[in-house]
Amino acid sequence: MKPPIAENPQVTGHAEHEARLQFLTWDRTQADIESPAHRARQARLAQAAGASFHPTAYVAAEAAIFTSHLVLGEQSWIAGHALVRGDVEFGAHTTVNPYAMISGKLRCGDGVRIASHVSIVGFNHGFDDPSVPIHMQKHESLGIVIEDDVWIGANAVVLDGVTVGKGAVIAAGAVVSRDVPPMAIVGGVPAKLVRYRGQVARKDSASILARLGEAAGAQVQDVLAAYREGGDYVSREADGQVRRSARHRNDAIELAAGFDTMPEELDLAATLSELQALQDMKTGLFPDPYRPVEAGRALRDDGLALYNVLSVGYAIEALGGKPLHPIAAVELEAPALCEWLEGLTWRERAWGAGAAVDAIGTALYFNARYFTTGRARETLFGWLAMQQDRATGLWGSTTADEGLLQPVNGFYRLTRGTYAQFGLPVPNAERAIDSMLLNYRNYGGFAGPRYTACNLLDTVHPLLLCLRQTDYRRAEAEAIAHAVIGRAEERWVAGEGFAFADGQAPSLQGTEMWLSVVHLAAALLGIADTFAFVPKGVHRTKAVGLGL
């Protein structure tokens with residue numbers, strides 16, 4: 001018998017280390033990176049696979065690289081038995097574990113972790129034409145974008161056309177077929193939002209609501225007094241001007257009513273009489289006494305006269321009164337009402353069109369409650385049903401400058417005065433939810449100057465309204481509600497209230513609207529009873545058919 005061949009310990013140790021690096025590639029050393037074998041491997045891939053490497057990048061010997069273009073950034077590595085093919089770029093500190101499969105077009109940021117058995121498929125096979133065998137149909141590649149600081153768990157699949165936002169986490173086994181918002185944690189098949197990283201917990205939101213409600217309720221009279229000059233409630237604008245409008249007194253009434261009180265400085269009986277006297281006897285609309293209607297312009301074409309149907313009308317109700325006259329301007333025969341609706345600014349300014357519908361719906365509400373009404377309500381809802389975009393769940397067009405913002409904000413105004421006010425289900429609610437969440441993401445959660453009471457109100461109210469009918473993407477909507485509540489306490493200015501937008505000074509309008517947004521966010525989470533403010537004017541919920 002021949003004696004066993006003695007192993008060279010140095011050779012054996014090197015082989016074991018190389019085998020280890022195929023699976024535990026984080027054990028690589030600078031010597032491994034600088035080794036002649038590794039540099040030769042990189043040189044070969046540069047020629048054969050269009051690859052370029054940062055001097056600190058590493059590719060394990062048994063990685064399968066078949067790319068037309070590859071970039072591997074600083075301190076990044078690809079483990080053994082991973083497959084990378086197509087047009088692929090990895091940023092710095094990005095790692096690809098064994099048996100991951102990356103195909104097609106991928107742009108990957110910094111600090112990304114791709115676990116074992118992940119499939120990132122940046123292309124797709126055509127299959128739409130059933131008369132042509134699938135293997136003969138064209139491929140397409142929209143490409144995948146994975147932003148910085150993303151962790152993709154084992155066995156997850158990311159499909160073509162997806163963008164994974166910065167800081168997101170994709171749970172093991174998830175199938176990602178649509179964009180993932182920044183900082184989102186998604187899981188399941190198909191992947192859905194679980195929560196956001198760093199998200200305020202439910203109990204924390206309740207605590208914030210309790211503290212903010214107590215503080216705002218204790219300070220409400222001071223806040224009201226801060227915006228009163230010469231017997232009027234006013235708006236102090238960013239340009240230093242003081243502006244007067246019927247709205248400001250109504251905002252003060254609504255703000256106080258939300259805390260079950262009234263402004264201490266108002267003569268309530270006299271105020272009620274003054275508000276009722278603003279109504280035009282012929283049309284029933286409410287022209288603004290501070291801003292006369294342009295000569296020759298129909299009252300129904302004046303934005304303030306329409307808005308004051310809500311603003312003045314609800315303030316009258318908050319004071320225990322009712323309008324003195326029916327609102328005849330909206331009691332039209334079907335052809336005339338449809339002509340009015342069709343002439344609104346649906347293409348260029350869907351928000352304004354939605355605002356007009358809000359006023360029309362509210363006028364019909366007042367007529368139905370206090371007077372008589374004809375068939376205009378049926379005409380209105382029939383026209384809306386026929387004109388909704390079934391793909392987006394919205395009314396009106398996107399714009400080149402603002403994308404979905406106009407029809408999304410218009411959706412709030414339109415549905416507030418119609419479907420919400422009359423307690424009717426919103427058609428195509430799931431498509432509308434998709435549009436609200438996409439618009440919110442497109443604007444980065446309305447960070448900076450766009451973090452306004454309108455933009456958040458026009459997001460949270462529609463989500464709340466639609467989620468009365470479905471649980472579709474509820475977790476994502478709840479994450480937005482938590483985020484709104486989480487920021488509210490820090491934005492409150494003692495004795496002055498809320499600014500309408502970040503970077504502005506506090507105002508009556510901002511205070512009433514933001515308190516209403518917070519209430520709506522709390523209602524969406526099912527914890528509205530922990531917040532002392534309950535809207536009883538334009539932004540009320542119980543009286544407009546939401547059933548909360």
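Tutor: R300 lies over the face of W340, 4.3 Å from the ring centre; a charge counts as sitting over a ring if NZ of Lys or CZ of Arg is within 6 Å of the ring centre and within 35 degrees of the ring normal. R491 is placed over the face of W514, at 4.4 Å from the ring centre. This is a predicted model, in which local features need pLDDT of at least 70 and side-chain atom pairs count only at pLDDT 80 or more, while totals for chains, interfaces and linings use all residues. Residues are numbered from 1 along each chain as its sequence is written, and side-chain values use heavy atoms, with hydrogens and water left out.

Rings of Phe, Tyr and Trp (its six-membered ring) pair if their centres lie within 6.5 Å; planes under 30 degrees apart count as stacked, over 60 as edge-to-face and the rest as tilted. One of the pairs is Y365 with F366, which is tilted, at 5.1 Å centre to centre and 50° between the planes. Both Y365 and F366 are buried, that is, under 20% relative accessible area with a 1.4 Å probe, protein chains only. The pair of Y443 and F446 is stacked because the ring centres are 5.6 Å apart and the planes are at 15°. Y443 and F446 are likewise buried. Finally, one aromatic cluster is formed by F381, W395, F411, Y419 and F422.

Notes. Buried < 20%, exposed > 50% of the residue type's maximum accessible area, 1.4 Å probe, protein only.
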